Amino acid sequence: MLRLPQFQMEYPTTVEDAVALLAKHGNRAMFLAGGTDLLPNMKHGLFEPEVVIGLGAIKDMKGIRKDKDGSLHIGATTSLSEVARSQLITEAAPTLAQAASVVAGPQIRNMGTLGGNVMLDTRCQWYNQSHFWRKSLGYCLKKDGTVCHVIEGGKKCVAAASNDTAPALMTLGAELRFLSPSGEVTVPIGELWKADGIWNKNVGPNALLISVHLPALRGPHGGAYLKLRERNSIDFPQLGIAVRLGFAKDGSIGEAAVAATALGPRPILLRSTSKLLAGTTPGESNFEEALLELCAKAHKQLSPLANIPGDETYRKRMVPIFLKRALRLAAQP
C-alpha cells in the first residue's frame, strides 16, 4: 500500500493568507484544492511538500456567477461536477460543461476543481509511477534523473498536458486571475502554457489561481468536447478535442476555434480554424469541404508522442476523426 508521507497542514480563509503562507514556506509548500492529483503524486514520491496549504476554507474561490456584461466568473475551487451541471455554463459555454463532465469519474469530479484541472501537472508513463518503479528503471528528466525515456537523448521533458478543461477554455478565450507574493495578474489562457513538461506554465508555482473568467459570447453558438481514452469511465485523455462555433444570423459560421490536449507538454490552439470555416454553412458543401481541409491540417500538425499509455500512431489517426465528429456536433442547432 502506498502511504502519504508526513506533512503539516495549513487552512487559510483568504487568498491573501494562502499566498502569504506559500511565501513564508517557499518551495517546501504546495497548494491543495481537491487533492485528486496532488495526494496520489505525494504517495508516489513525485511531490514532496513539507507543508500543504488547503484552499477549501476560502469562500471567495468557490462558485459560479454571471456578471452584468454577460461574462461568467468561476471560482478556481469550484468542483468539476458543479461546472458540468451548471445551467449558466451549459448555456453559455457548452464546450466547457462537456469537458468537465468527462474528467475522470464522478467521485473524482465531486472532489476535483476547475482550477486544479487547469493547473494539472503534466503526465508521462515513465514519470507517474511509484518511487520503487522509477528507481528500478532509472529516474527521468522530470524527477530525479537526467534521461528522457520517451525521446532518446532528449534534453527537454515532453510529459503531456492532460487537462480536459484546458482546450475548452482556450476556445472560449478565457482569462485566468492569479495572485502571488508580487501581486495580482490576469493571464489570457492562450498565454498560460509553454512547451516544457517539467513546468509547462508561464506563471511560477507560487502563483495561486483564484478564478476563471469567460467573456460573453455574442449571438448563437455551439460547442463540443470529445475525448479518446482507454476506459471511458475514468482515464486521462489520450486525445482531447474542443470546438466552439459562433453563428451569424443567416446560419453561417461567423467564427470558430479548435484546441487539442494530451499530445504534448501544452494544449494546442489550431490557428487556421476560423479562417477556414468562417462563412461556411453547416449542412452545405462549403462546410464539408472546409471541414475536410481543416481535418487534414490538424492531422499534419498534431503529432502525439509515446509519453502516455496508448499507441501514438493510433492516437494520431484519431485526430481528424475526433475533430470531424466534434465539429459536426458543435454545428447542430
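Biologist: What radius of gyration does the chain have, and what would a compact globule of 333 residues have?
Modeller: In this predicted model, residues are numbered from 1 along each chain as its sequence is written. Local features need pLDDT of at least 70 and side-chain atom pairs 80 or more, while totals for chains, interfaces and linings use all residues, and side-chain values use heavy atoms, with hydrogens and water left out. The globule rule, for C-alpha atoms, is 2.2 Å times the number of residues to the power 0.38. That puts a compact globule of 333 residues near 20 Å, so the chain agrees with its 20 Å.

Biologist: What does the C-alpha trace span along its principal axes?
Modeller: The trace belongs to a chain with twelve helices and twelve strands (DSSP runs: H or I of at least four residues, E of at least two). Along the principal axes, the C-alpha trace spans about 60 × 50 × 35 Å.

Biologist: How much of the chain is buried?
Modeller: Buried means under 20% relative accessible area, exposed over 50%, and partly exposed in between, with a 1.4 Å probe and protein chains only. Out of the 333 residues in the chain, the buried share is 52%.

Biologist: Which residues of helix H5 are buried?
Modeller: H5 runs over residues 94-101 and is mostly covered, with six of its eight residues buried. Going along the helix, the buried ones are Pro94, Thr95, Leu96, Ala97, Ala99 and Ala100.

Biologist: Where does Ala104 sit, and what is its phi?
Modeller: Ala104 lies in the loop between H5 and helix H6 (106-111). A relative accessible area of 14% means that Ala104 counts as buried.

Biologist: What about Asp144: which loop holds it, and what is its phi?
Modeller: Look between helix H8 (131-137) and helix H9 (165-171), where the loop contains Asp144. Asp144 is not a glycine either, yet its phi is positive, at about 75°.

Biologist: How many aromatic pairs turn up, and are the planes stacked, edge-to-face or tilted?
Modeller: Searching the whole structure gives one aromatic pair. Rings of Phe, Tyr and Trp (its six-membered ring) pair with centres within 6.5 Å; planes under 30 degrees apart are stacked, over 60 edge-to-face, and the rest tilted. Here Trp126 and Trp133 have ring centres 6.1 Å apart and planes at 40°, so the pair is tilted.

Biologist: Are Trp126 and Trp133 buried, partly exposed or exposed?
Modeller: Trp126 has a relative accessible area of 27%, which means it is partly exposed.

Biologist: Which residue puts its charged end over the ring of Trp199, and how far from the centre?
Modeller: A charge sits over a ring if NZ of Lys or CZ of Arg is within 6 Å of the ring centre and within 35 degrees of the ring normal. For Trp199 the residue is Lys201, with its charged end over the ring and a distance from the centre of 4.6 Å.

Biologist: And over the face of Phe236, which residue lies there?
Modeller: Here the distance from the ring centre is 3.8 Å. The residue over the face of Phe236 is Arg123.
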